[in-house]
Amino acid sequence: MAINLLKTAPKVQSSITSKPSASLFFTTRRSFSVPLYSPLALAVSSMSYEKELAAAKKAASLAARLCQKVQKALLQSDVQSKSDRSPVTVADYGSQALVSFVLERELPSVPFSMVAEEDSGDLRKESGQETLHRITELVNETLSSEGSYSASTLTAEDVLRAIDNGKSEGGPTGRHWVLDPIDGTKGFLRGDQYATALALLDDGKVVLGVLACPNLPLEPIGSSNQHSPLGDVGCLFFSTVGAGTYMQSLAGSTLTKVSVSTTENSEEASFFESYEAAHSLHDLTSSIAQKLGVKAPPVRIDSQAKYGALSRGDGAIYLRFPHKGYREKIWDHAAGCIVVREAGGVVTDAAGNALDFSRGRYLDLHEGIIVTNQRLMPSLLKAVQEALQQRTSSTL
Ligand SMILES: Nc1ncnc2c1ncn2[C@@H]1O[C@H](COP(=O)(O)O)[C@@H](OP(=O)(O)O)[C@H]1O
Ligand SMILES: [Mg+2]
Ligand SMILES: [Mg+2]
Ligand SMILES: [Mg+2]
């Protein structure tokens, strides 16, 4: 059945037609301009993590470029079986090395700490040398395609060091970058959705997030069109605390301020969940949706592209209930969480508690993650708790 989740385009509140960091004026659609050096703008920019945001956008966009190149080669190759994990490994490591290199290069004066998914252990072994060579080549090719780093050539040792920058434990104090170099590995292998997800923690709070989603259509998606063969794909979402969420195309188009769906009618609210049943209990989410009265079937896509799509109002709910014993990692949610929150959404665990990113590499939470808008959250929480209770009593 062909279902389009949203009948309207993402809510456009304002747009900036040239690069935001280079622009002197903030221009609304009605051509009303506020000089960026006005007292108001200065007050906002002093708390806006401006330099960090510019660096994070540059890093995530370059990483996405590397991933796209690898995914294209993977999908075009007749020889490479899709079950062969080596291409995704190369892209994961390459993306992590690139993000680490760019952040250090762009923000040289601050101590650098990063909590990231990958480490260089396997690449330091004899058996990893060929892969390391390929990653180094890929990173250098991608850097040289970006004018500002054309003089930089990384050695294999530089790449290993850049990857290992991600070993930080994070925690409640100081600044830590949080990186998932490819979120949605399984989607990446299938040729579906994936994301490079980068966030900044400041004293335990997520204050900045960037999501690069190379395969996400610029137009709203539903269960039938996550591929959008006709439309343009490749979205970059970004947020800083207190400043809202913006989307632009990865190709660098006009900037759009986005916001979550404002529906309070759960019958109209469709929901996102993992494509992989191993990552989230589809039977439980379907029982929650039924209790809420949701009519549309779930939209199943990989990665934090779900948070991005939700932030612009494609659908109104994201439900994630991993199998018992699974511990969520901070890099799987930090960027997505601020992108949705700054677009007006709410992200909690199944008990209604905000996610706590200050406890190190893991998110210790009460059973599951739920995301929606402010109006729907009370009825969603109620449905979640009823469904969980029902599940517990049926297993007793
Ligand atoms: N058994 C499990 N339950 C829940 N999440 C899991 C899982 N095994 C892996 N994951 C996480 O799910 C992420 C993908 O999420 P989604 O299902 O929304 O696409 C993976 O990120 P990576 O692909 O970065 O490893 C991984 O961290
Ligand atoms: Mg992940
Ligand atoms: Mg990953
Ligand atoms: Mg992984």
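**Entry 1: overview**

I take helices as DSSP runs of H or I with at least four residues and strands as runs of E with at least two, and I number them from the N terminus. The model I am looking at is a predicted one. On that basis I find 10 helices and 17 strands in the protein. I looked up burial next, and buried residues make up 46% of the 396 residues. When I take contacts between residues at least 6 apart in sequence, 73% of them join residues at least 24 apart.

**Entry 2: the surroundings of ligand 1**

Which residues come closest to ligand 1? I noted Thr 185, Ser 274, His 279, Asp 302 and Pro 322 as the closest, out of 18 residues that surround this ligand. Sorted by class, the shell holds seven charged, seven polar and four nonpolar residues. I then asked which elements supply the shell, and found that β5 (175-183) and α6 (185-190) each give at least two residues to it. The most comes from β5, which contributes three residues.

**Entry 3: Tyr 275**

I placed Tyr 275 in the loop between β11 (271-273) and α7. Is Tyr 275 buried or exposed? I count it as buried, because it has 23 C-beta neighbours inside 10 Å and the cut-off for buried is 20 or more. Leaving out residues up to four places away in sequence, I see Tyr 275 touching Gly 187, Asp 192, Arg 300, Ile 301 and Asp 302. For Asp 302, I noted that 27 residues in sequence separate it from Tyr 275, while the C-alpha atoms of the two are 5.4 Å apart in space.

Ser 303, which is not glycine, has a positive phi near 75 degrees. I find Ser 303 in the loop between β12 (299-300) and α8 (305-311), and it is buried, with 29 other C-beta atoms within 10 Å.

Glu 367 also has a positive phi, here near 40 degrees, and is likewise a residue other than glycine. I located Glu 367 in the loop between β16 (362-363) and β17. With 13 C-beta neighbours inside 10 Å, Glu 367 counts as partly exposed.

I record Ile 370 as buried, because 24 other C-beta atoms lie within 10 Å. What does Ile 370 touch, not counting residues up to four places away in sequence? I listed Leu 319, Thr 348, Ala 350, Leu 380 and Val 384. I also checked Asp 349, which is 21 residues from Ile 370 in sequence and 5.9 Å from it in space, C-alpha to C-alpha.

**Entry 4: α7 against α10**

I compared helix α7 (residues 282-292) with helix α10 (residues 377-395), and their axes come within 9 Å and cross at roughly 130 degrees. That angle makes α7 oblique to α10, and the crossing is right-handed. On the α7 side I find Leu 284, Ser 287, Ile 288, Lys 291 and Leu 292 making the contact, and on the α10 side Ser 379, Leu 380, Ala 383, Val 384, Glu 386, Ala 387 and Arg 391. By class, this contact has three charged, two polar and seven nonpolar residues. I note that Leu 380 and Val 384, which belong to the α10 side of this contact, are also among the residues that Ile 370 touches.

**Entry 5: α2 against α4**

I then looked at helix α2 (residues 50-76) and helix α4 (residues 129-145), whose axes are 10 Å apart and which pack at an angle of about 125 degrees. The two are therefore oblique to each other, and α2 passes α4 in a right-handed crossing. The contact is formed by Leu 62, Arg 65 and Leu 66 of α2 together with Leu 138, Thr 142 and Ser 145 of α4. I sorted these residues by class as three nonpolar, two polar and one charged.

**Entry 6: Phe 112**

Last, I looked up Phe 112, whose place is in the loop between α3 (86-106) and β4 (114-116). I count Phe 112 as partly exposed, because it has 14 other C-beta atoms within 10 Å. Leaving aside neighbours within four places in sequence, Phe 112 is in contact with Leu 103, Glu 104 and Asn 165.

Key: Residues are numbered from 1 along each chain as its sequence is written. Chains are lettered from A and ligands numbered from 1 in the order in which they are written. This is a predicted model: local features need pLDDT of at least 70, side-chain atom pairs count only at pLDDT 80 or more; totals for chains, interfaces and linings use all residues. Axes are lines fitted to C-alpha atoms, for helices over the stretch in contact, and angles run from 0 to 180 degrees between N-to-C directions. Angles under 35 degrees count as roughly parallel, over 145 as roughly antiparallel, 65 to 115 as roughly perpendicular and the rest as oblique. A crossing is left-handed if the near helix is turned anticlockwise from the far one by less than a right angle, and right-handed if clockwise. Two residues are in contact if their C-beta atoms, placed from the backbone, lie within 7 Å. Ala, Val, Leu, Ile, Met, Phe, Trp, Tyr, Cys and Pro count as nonpolar, Asp, Glu, Lys and Arg as charged, and the others, Gly among them, as polar. A residue is buried if 20 or more other C-beta atoms lie within 10 Å of its own, exposed if 12 or fewer, and partly exposed in between; C-beta atoms are placed from the backbone. A residue is near a molecule or strand if its C-beta atom, placed from the backbone, lies within 6 Å of it.
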